[in-house]
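I opened a new notebook page for this model.

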Amino acid sequence: MKTLLLMLALLCLYRNSIAVDLHPLVLVPGRGGNQLEARLTPKYKSSTLICKLSALFTKGSWFRLWFSPSIIASPFTRCFAERMMLYYDPIIDDYHNAPGVETRALNFGSTEGLMYLDPHLTHITEYMATLVNSLEEIGYQSGKNLFGAPYDFRYGLAAEGHPCHVGNQYLQDLKKLIESAFVSNGKKPVIIVSHSLGGLFVLQLLNRSPLSWRHKYIKHFIAVSVPWGGTVLQMLTFASGYTLGVPIVDPLLVRGEQRSSESNLWLMPSPKFFARKPLVITEKKSYMASDIPEFLMDIGFGEGVCPYKTRIVPLLDSLKAPGVPVTCIVGTGVETPEMLVYGDEGFDVQPRIFYGDGDGSVNIESLLALKSLWSGLEGEHKLRVINVSGVSHMSLVKDTVAVNEILAQVQSINSRLLTSFA
Ligand SMILES: *[C@@H]1O[C@H](CO)[C@@H](O)[C@H](O)[C@H]1NC(C)=O
């Protein structure tokens, strides 16, 4: 018995000594990758009786807006869409929620809201649970040296100089989280692991902070499946609606809401990486990435043209190397929409889709965009790209092979610290 206790005590010491030596780690989820709560105030105006009744049912308290399985039933899809809707106000040059709808991300700083999108449906709504559990197996502890940075992913960022109250606030909160993780872990710089859209936010945060801040606080940036140059899938989303492959939802019911999202506009294919290639073809025209403003007009979303040109386009060109080590982990070899062909029925009918290489959502030229852009970098700052073949966009944070690849990176970054002390 005594020996057993001693062994347990030693094991604890051993585990703690590992935990003490680990660099704190912050997880930044992708679009739709964390729970989002909403609260309806008396200013909320609903379009249908069902939405009105379901609003009464919430009694002005917080409820889970994303994700809830009820949104798959069409009367509720409509309520969901109107509550998720964003509005661009050209006078103040910024986005805001629908009147009477307040939103918040669950528990900023915690990994809780990004493990599962619905805590009651853990199996089908798992997001980062496998990754978080695996990190805990190598000694990470949520709240101690492992943190999550959920956000209202409908909002994006704008080129500097434009108002962007939600996105800019998120960058500030993320910055504070990184600083406090650093302080509470013996001033060890932080490893950031992002997925998808989260990576675009992280790179902006880094490049908008002084170089001395980055050197002090950031150990390494691991960017998993980031659409650096947007996706062709996003043109499908804007033109005809996209239901993430859920077949029972009518894509046209969510199209308006998807068009309204600032972060969706940010993910339109960038002319820099999709050059001289038709991405959408109709009976009358073909559109390349440089024709996005015309495309937005033609699909009936003229409101998007001004924010796209003024807020997004300059942002697409700000992909500078941040001067800290970056590793991209990408999925490849999965059929990914590359070209959309519309018939004479117009954009309300789903197009014929032609596929190319990528992770199923993000095209290969977008996943690998930084490779050519940063090709001149040397030594520690040379971009590392890890190709996980046959693993799709969402599976990169769940699939065993992919998660092991992320873990291997985290462990090697941590062990480099140990050897430098030795
Ligand atoms: C990724 O790896 C697979 C298998 O090793 C290889 O066939 C493919 O060409 C690689 N793709 C890229 C973009 O490097």
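How are H2 and H3 oriented to each other, roughly parallel or roughly perpendicular? First I noted the ground rules. This is a predicted model, where local features need pLDDT of at least 70, side-chain atom pairs count only at pLDDT 80 or more, and totals for chains, interfaces and linings use all residues. Residues are numbered from 1 along each chain as its sequence is written, and side-chain values use heavy atoms, with hydrogens and water left out.

**Entry: H2 and H3**

I looked up the axes of helix H2 (residues 49-58) and H3; they come within 9 Å and cross at roughly 70°. Helices here are DSSP runs of H or I with at least four residues, strands are runs of E with at least two, and both are numbered from the N terminus. Axes are lines fitted to C-alpha atoms, for helices over the stretch in contact, with angles from 0 to 180 degrees between N-to-C directions. H2 and H3 are therefore roughly perpendicular to each other. Angles of 65 to 115 degrees get that label, those under 35 count as roughly parallel, those over 145 as roughly antiparallel, and the rest as oblique.

Next I listed the contacts, meaning heavy atoms within 4.5 Å. On the H2 side I found Ile50, Cys51, Ser54 and Ala55. They meet Pro75, Phe76, Arg78, Cys79, Glu82 and Arg83 in H3.

**Entry: H3 and H10**

Helix H3 (residues 74-84) also packs with helix H10 (residues 251-260), at an angle of about 5° and with axes 9 Å apart. I therefore wrote down H3 and H10 as roughly parallel to each other. From H3, Ser74, Thr77, Arg78, Phe80, Ala81 and Met84 take part. Their partners in H10 are Leu253, Val254 and Glu257.

**Entry: two backbone details**

I checked the peptide bond between Trp66 and Phe67: it is cis, with omega about 0°. Phe67 is in the loop between strand E3 (63-66) and H3.

Asn107 has a phi near 45°, a positive value in a residue other than glycine. I found Asn107 in the loop between strand E6 (101-105) and helix H4 (112-115).

**Entry: the ligand**

Which residues are around the ligand? I found Thr332, Ile364, Leu368, Asn387 and Ser389; a residue counts if one of its heavy atoms lies within 4 Å. An oxygen atom of the ligand is 2.4 Å from an N or O atom in the side chain of Asn387.

Technical notes:
A polar contact is a pair of N or O atoms within 3.5 Å; within protein, one must be able to donate a hydrogen and the other to accept it, and residues adjacent in sequence count only if both atoms are side-chain atoms.
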